[in-house]
Amino acid sequence: MSRAFLVVMDSVGIGGAPDADRFFNGDVPDTGANTVAHIAQACAEGRAEDGRSGPLHLPNLDALGLGAAVRLASGADVPGLEADPTGLWGCAREHSPGKDTPSGHWELAGLPVPWDWHYFPDTVPAFPDDVTRAAAQAAGTEGILGNCHASGTTIIAELGAEHMRTGWPICYTSADSVFQIAAHEETFGLERLYQMCRTLAPMLHEMKVGRVIARPFVGSPEQGFVRTTNRKDFAITPPAPVLTNWAQDAGRKVHGVGKIGDIFSMQGIDTLDKGSDADLMGHLSRLVDSAEDGSLTFANFVEFDSQYGHRRDISGYARALEWFDAQIGRILPRLRPGDLFLLTADHGNDPSWVGTDHTREQVPVLIAGLGAGRIGQVKFADVAASIAHHLNIPAQGPGRTFL
């Protein structure tokens, strides 16, 4: 039986979302945001020279159709990405009213979000009193620190020392539907942080807050603080079966790589491997060699988003893309006949844009293993329907196969 690999390049958007004017970074609408095109343009103009140099070099992704997908989605110029595609290629639009991880992944897995997420206001304090009290009670402390919108790296730099002195957790949010808790792995304790998130999650999920996120860090006031790879997302369980359930219910093995287990609350997932993006690439490479016939591997590579998009680091994002491209180039020749290897994204996070939040964009759909051709413009949910079609399993939801 054929296998399927669904690989999400977190935040690698390609512009052109028709409803971008309804989504904002601060007071600025996302109209015109284009993660890949703006990175490529910056590289070509010599504005992304930190740790790399010259035009954006993505020969493997471009050969699959990345440059062509950008032009289809947005009409934007993408210097250096001008190959004639040798894979199946297209672009996808999201229906769900969000530009966050759960919205994008759920819909890629066949389930558009059936409600509006709850977002905390950009005020100080950001959280209502009952949430603040519940957070302190869950931590076993008299109060919390933060209680605002913030960058995760900035807030631990600002409040890390006070957190170590008082023991109070650092609680913050963003433009996404999230409640994030940062705590020191050693002085607060990693399992204590996870348990705090588990305790709070039902209350916040009832409010339709998409995720409670544990954000552990290490370090000291003297040497500075750095987040670890032990992040854990406590997400709302999808309210209906998704692609992973469809596959598992049909008797297929489902392997999660990266945040997939957190995003889907382990629904329909048999095995899970986590770690840094470098670790995850090793896991993906191993699964290409060893995953069972008929299986589904669902992977997320998050560091484009977490390390470079939110931090508006164009050079860093370009370096990450070039590293990813080289790694994928080593994996693709090892696909078995009949395998489907689909690369896509869940939203944008244009590092040239204002603010620090995601950007509403279309995403690429690039497929290796099934020949060449133009898919055209499709919907996120069509990705799940197409993978189900390839695996010969029943599909649910609104998607239609493009294969």
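In the predicted model, one salt bridge is found across the interface of domain 1 and domain 2. The pair consists of Lys-232 and Asp-262, whose closest N and O atoms are 3.6 Å apart. This distance qualifies because a salt bridge is counted when a side-chain nitrogen of Lys or Arg lies within 4 Å of a carboxyl oxygen of Asp or Glu. Side chains of opposite charge can pair when their charged atoms come close. On the side of domain 1 that touches domain 2, helix H4 (101-108) and helix H9 (260-263) each contribute at least two residues. That side of domain 1 has seven charged, five polar and two nonpolar residues.

Domain 1 is made of two segments, 4-114 and 239-391, while domain 2 covers 129-235. A distance of 28 Å separates the C-alpha centres of domain 1 and domain 2. Contact between them involves 14 residues of domain 1 and eleven residues of domain 2. The size of an interface is often given as the accessible area lost when the parts come together. For domain 1 and domain 2, about 1,000 Å² is buried, and 48% of this area is on carbon and sulfur atoms. Three residue pairs are in polar contact between domain 1 and domain 2, counting pairs with both residues at pLDDT 80 or more.

Over the whole structure, the search gives 17 salt bridges. One of these joins Lys-259 to Asp-10, with an N to O distance of 3.7 Å. The two residues are 249 residues apart, and the pair links distant parts of the chain. Lys-259 is in the loop between strand E11 (254-257) and H9, whereas Asp-10 is in the loop between strand E1 (4-9) and strand E2 (24-25).

Key:
Residues are numbered from 1 along each chain as its sequence is written. This is a predicted model: local features need pLDDT of at least 70, side-chain atom pairs count only at pLDDT 80 or more; totals for chains, interfaces and linings use all residues. Side-chain values use heavy atoms; hydrogens and water are left out. Domain bounds come from an automatic or database domain assignment. Contact means heavy atoms within 4.5 Å. Buried area is the accessible area (1.4 Å probe) that two parts lose on being put together, summed over both. A polar contact is a pair of N or O atoms within 3.5 Å; within protein, one must be able to donate a hydrogen and the other to accept it, and residues adjacent in sequence count only if both atoms are side-chain atoms. Helices (H or I, at least four residues) and strands (E, at least two) are DSSP runs, numbered from the N terminus. Ala, Val, Leu, Ile, Met, Phe, Trp, Tyr, Cys and Pro count as nonpolar, Asp, Glu, Lys and Arg as charged, and the others, Gly among them, as polar.
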